[in-house]
Structures are given as C-alpha cells and as structure tokens.
Protein chains: 2
Amino acid sequence: MNQATSLPVVGFIGLGIMGSAMAQRIAAAGYPLHVHTRSAEKAQPFVAAGAHWQASPGALARACDIVITMVGTPVDVAALYFGADGLLAQARPGTILIDMTTSSPRLAERIAAAAEAAGLQAIDAPVSGGDIGARDGRLSIMVGAAESALEQVAPVLQCLGKQIVRQGGPGTGQHTKLCNQIVIASTMVAVCEGLAYARRAGLDMSTVLASIGGGAAGGFLLNNLGPKIVNGDRSAGFFIEHIVKDMGIAGSEANELGAELPGLALAYRLYRELAESGYGREGTQALSRYYED
Amino acid sequence: MNQATSLPVVGFIGLGIMGSAMAQRIAAAGYPLHVHTRSAEKAQPFVAAGAHWQASPGALARACDIVITMVGTPVDVAALYFGADGLLAQARPGTILIDMTTSSPRLAERIAAAAEAAGLQAIDAPVSGGDIGARDGRLSIMVGAAESALEQVAPVLQCLGKQIVRQGGPGTGQHTKLCNQIVIASTMVAVCEGLAYARRAGLDMSTVLASIGGGAAGGFLLNNLGPKIVNGDRSAGFFIEHIVKDMGIAGSEANELGAELPGLALAYRLYRELAESGYGREGTQALSRYYED
C-alpha cells in the first residue's frame, strides 16, 4: 500500500518562502520528509501534513538519507554543517547533503572536502526561478558535485526543477548562481532606469513595455517585474535583503578572483541604500524607488 | 497586370545595415521605391532591382507619397528635413515623412510642427530588433504620431514589423526607443559581467548560459549575444558606435528631464572607452573586452 517506503528519507532545513515551496513538492512526491527550522512555527503546516519534526540539525541528519538545506546566509550554512550537533558530525555514512542556499563557493568546497573525509557526499545546488518557480517545480538548479553524487539525488531534485545542470565539481554550482545574480543585479538597474526615463518623459509605461518587451531589451525581469513597477507593486518574490546578501558574496568572490565589475558595484550600492532605508523586505523591483522623488 | 500602381510611392533615404534590409522588404511588397543615400554605391543593388535613384533628398521628396529616413544621427536627420533642398521644403502637400532613425525626441517634435505648418505630416518611428529583425520583417516599431497619420502608413510599416505600437504624439516614439536603449545598455553590462565572472571562476561559460538563460537572468541579450561572447564573435549586429550615439542622446534627454541614471552613465563611460580605443565598428557584445586583460 505504501510505495513511499522504498524512497529515501529526505530532511529539509529552512522553510522560508523558497524552502517551504520546495519541501512541499518533495512531500507531495511521496518522500518521507523530516523538517527542521530555526522558527519551529514555520514547520507546523508540514508536521500537520505528516512530516517529522526534528529538534536539531544533527537529529535530522541522523534520521535521513538525503538532507537539503535552504537557509539565509553563508554564516547560517557554516553553522548548520560544521556545528557539533551539525550535519557533517551527525549524518550517517553514505548520506548526501545538498545545500541549495545561495552561498559562498569557497564554503561549498570546504563542506565537500569535510563531507568526503566523513564518508558523506556534499552537493552545492543553488536555484533560480523565484517563489513561482519553486511552487511549480520549475526551478533552474545549478549543481556543483561529483557526477555520481548528482545521479543519486537526481530524482529528488527533479521534483524541484526540470533544468538541472551540473557545472563541475563542488563550488561550481555556487559560482554559477553568483553569475546569475550578477546578471540580475545590473539588469534590474537597466529595467528601473528604462521605466524611470519613461515616467519622466510622460510616456504611458505599460505601452512602453508593450513596445520594448518583445525586442532586444526584453527578458524575464522586464517582462515580469516591469508591470509590477508600473503598478507600484513592491511585494517580494525575492527580497531586496537577499539580493544584497548575494551581491555581497559575489563582490567579495569577484575581488578574490581579480575581476573588476563596476556594474555589480553600482547595483550593490543602490540596493544597499534601499535596504538601509528600511526596504529590505520589499521585492527587488522596488529598486524603482531610487529613481523616484 | 501591375497591382503596384495603386500603391503609394515610397522614398527611402539611408541604406546602411538596417535601412537596406528595410527598403528591401518595402520593394519586395511591391511598393514603387525611390532611394537616396549619401554613398550612392549603396543604392546600386536597389537601382539594379528597379528602384529609382534620386540625387537629393528634395528630389526624392518631390517624387514620393511617403518618405522614410533611416540615417545616422540627429544632425543627419536635421540636415535632411530642414535643408533648402530638404524634405520639409520640397515634399508635396499631403506627403507623410517617417523618421525611423533613433534620434532626439525634441527634434522629432520640431519636425512634426514644421511639417504641419507645411501641410505635411511627420511621424517618428524608431525600431528595435536589429539586422535580423529588419531582414525578417519582425522589427518592433515605436511610433510617435497623430493616430490618423499612423493609419495612413500602417500598411507600409507592416512590411517592416508586426509589433507597431503608437506611444502618443510626435516625439514619443523616440522617447520610447531611448527607454529601450537605456535598458539594453545596462543589460549588456549585466551580461558581460556575469560571463566575465564565469570565466574568472573557471566555469564553462556555455554550461553557465545553459543554466541561467532560462531563469530570471534570461533575456534576448543574454540568450543571443551571450553565446557570441563565449565564442569570441565580436561581429556587429549593432555597432558600438551606434549604442554610444544613442546613449549620448538618452543621457542628455534624461538630464533635461531631471532623471539621474547612474547605470546609463556607467554603460556610456565603458562603451565610450571602447569606441575611443577603436572598437566602434564591433558589435555591442564586444563590451566583454572591457572585462578581459
């Protein structure tokens, strides 16, 4: 009667906007699900639907075959993996740990090395596609891992996205996600400036979008967030405080790699100003505020 | 036998990459075509195919019902329209003049006012979609015009693009095109910086494009010019010297409108550096040079 018994037990840590949508899809696919979060109340809907609550990362790790983490910052990731009651110390040999947080490539490399030393495997697999992509299982998943490790977890990742691309060994998933965030950051500047000009010139911004959205200026952000800017909808699909965090990681990585990225530096400055003005929980399209007065 | 006799006579001035592809489509649709260019040899293929050569803008204007201009800069546009042997002085009453050059919105307003005083109608109708869009008749056309004027020339414009959007009265087509160029300028910075980071991080750039092109970072420029950057193809669909010209117009218009656009200022600086280094005839994707060393 229960076909789920043959499926690996999946642990999920971090049930924010993205994490909860992703955990939901894994549960819906029939995987036995264990959950842990810093704010236990966020786990309540999952526990009510049959998931097992685990009181600590270590307790969760001991109970699972695959552990997925989707938390806030590299500091949070490091604490989860390296603590005494953390994933690396507590997971059973053979467990596969997948960090889907957007985090530091260097940290991903460190985790993978420590995992190998402990008889585990670690994968970095950050995602793109936002809350809608997470709900619909249409995320793009950027994977840094040994091929064999990815093969073992592919069925679980396929619950989350159809676009799963292995970029290379540990860390390369994170590097690729930083590329993604670098493109997004300056593209948001592009979108907001185009619309700011339209507004100042007295154009009808929706009609402008209708003209330029199908041409060379067109893209996901212009076509999806442009209308929100026009309508004054600043609600978050992706928080400003998160893009600020990601740009901080990207900027310091770029620095280490000797890459001078003035567009990233500019976007980082503008977004930080907004975050410092108290708009960190608005969506990235609220960068349009910078151009209003 | 000749259904073309009922069609209006169309004049076309400016046979560069874009102009020649556009004039070709108008001739192919059966319109009697008169041409004029500063470099007469560019008109040769058209004359060989049956178009009428006209030795001056004024001579062309006197022979045509509709005149389309697609030249380099606002200075060129002003000379064509306002000269003694220019379009405004020489066109027969009732002629409709369409400037499809990316030019100054203020100049478009001046031309439209002068046209009205002379019993003519003037339309600003800059385009987006590049050389490929021009050849395939899939340009996006941004129109500033009285509705009645647009209606009269719509069949001709439909040879050039399916996306024809009237933005408002004279000047608004140009304003909309500047919005388009503002978005493109910073998006090119975004694309080049994302790929520059990928290269520095040792990633396979094609695999990175495969991951990020379908997500929130995706768009026309990443997906069409990204692969050219990866392959080192700097050939021009759109010249750097033209985006520099357009950003110059956009920057001074933004200034007049009181809009501070730091992303545009940055892109303008980077592209101008490249143009000054002799790369003005490379394609806009050659901005990637800035990030190499």
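User: How many salt bridges does the rule find across the interface of chain B and chain A?

Analyst: This is a predicted model, and across the interface of chain B and chain A the rule finds zero salt bridges.

User: Which elements give two or more residues to the side of chain B that touches chain A?

Analyst: On chain B these elements are the strands β8 (140-144) and β9 (163-168), together with the helices α9 (172-200), α10 (205-212), α11 (220-230), α12 (240-257) and α13 (262-279). The largest share, 20 residues, comes from α9(B). Sorted by class, the residues on this side of chain B are 35 nonpolar, 18 polar and six charged.

User: What area do chain B and chain A bury between them?

Analyst: The two chains bury about 4600 Å² between them, and carbon and sulfur atoms account for 65% of it. Chain B brings 59 residues to the contact, and chain A brings 59 residues.

User: Within one chain, into which domains is chain A divided?

Analyst: Chain A is divided into domain 1, covering 10-168, and domain 2, covering 176-292. The centres of these two domains of chain A, taken over C-alpha atoms, are separated by 28 Å. In the contact, 16 residues of domain 1 of chain A meet 12 residues of domain 2 of chain A. The area buried between the two domains of chain A is about 1200 Å², with 60% given by carbon and sulfur atoms. On the domain 1 side, A:Thr102, A:Arg106 and A:Met142 lose the most area to domain 2 of chain A, together 41% of what that side buries.

User: How many salt bridges does the rule find across the interface of domain 1 of chain A and domain 2 of chain A?

Analyst: The rule finds two salt bridges across this interface between the domains of chain A. Elsewhere in the listing of side-chain pairs, A:Arg106 and A:Glu253 meet in a salt bridge at 3.0 Å, N to O. Five residue pairs, both members at pLDDT 80 or more, are in polar contact across the interface of domain 1 and domain 2 of chain A.

Technical notes:
Residues are numbered from 1 along each chain as its sequence is written. Chains are lettered from A and ligands numbered from 1 in the order in which they are written. This is a predicted model: local features need pLDDT of at least 70, side-chain atom pairs count only at pLDDT 80 or more; totals for chains, interfaces and linings use all residues. Side-chain values use heavy atoms; hydrogens and water are left out. Domain bounds come from an automatic or database domain assignment. Contact means heavy atoms within 4.5 Å. Buried area is the accessible area (1.4 Å probe) that two parts lose on being put together, summed over both. A salt bridge is a side-chain nitrogen of Lys or Arg within 4 Å of a carboxyl oxygen of Asp or Glu. A polar contact is a pair of N or O atoms within 3.5 Å; within protein, one must be able to donate a hydrogen and the other to accept it, and residues adjacent in sequence count only if both atoms are side-chain atoms. Helices (H or I, at least four residues) and strands (E, at least two) are DSSP runs, numbered from the N terminus. Ala, Val, Leu, Ile, Met, Phe, Trp, Tyr, Cys and Pro count as nonpolar, Asp, Glu, Lys and Arg as charged, and the others, Gly among them, as polar.
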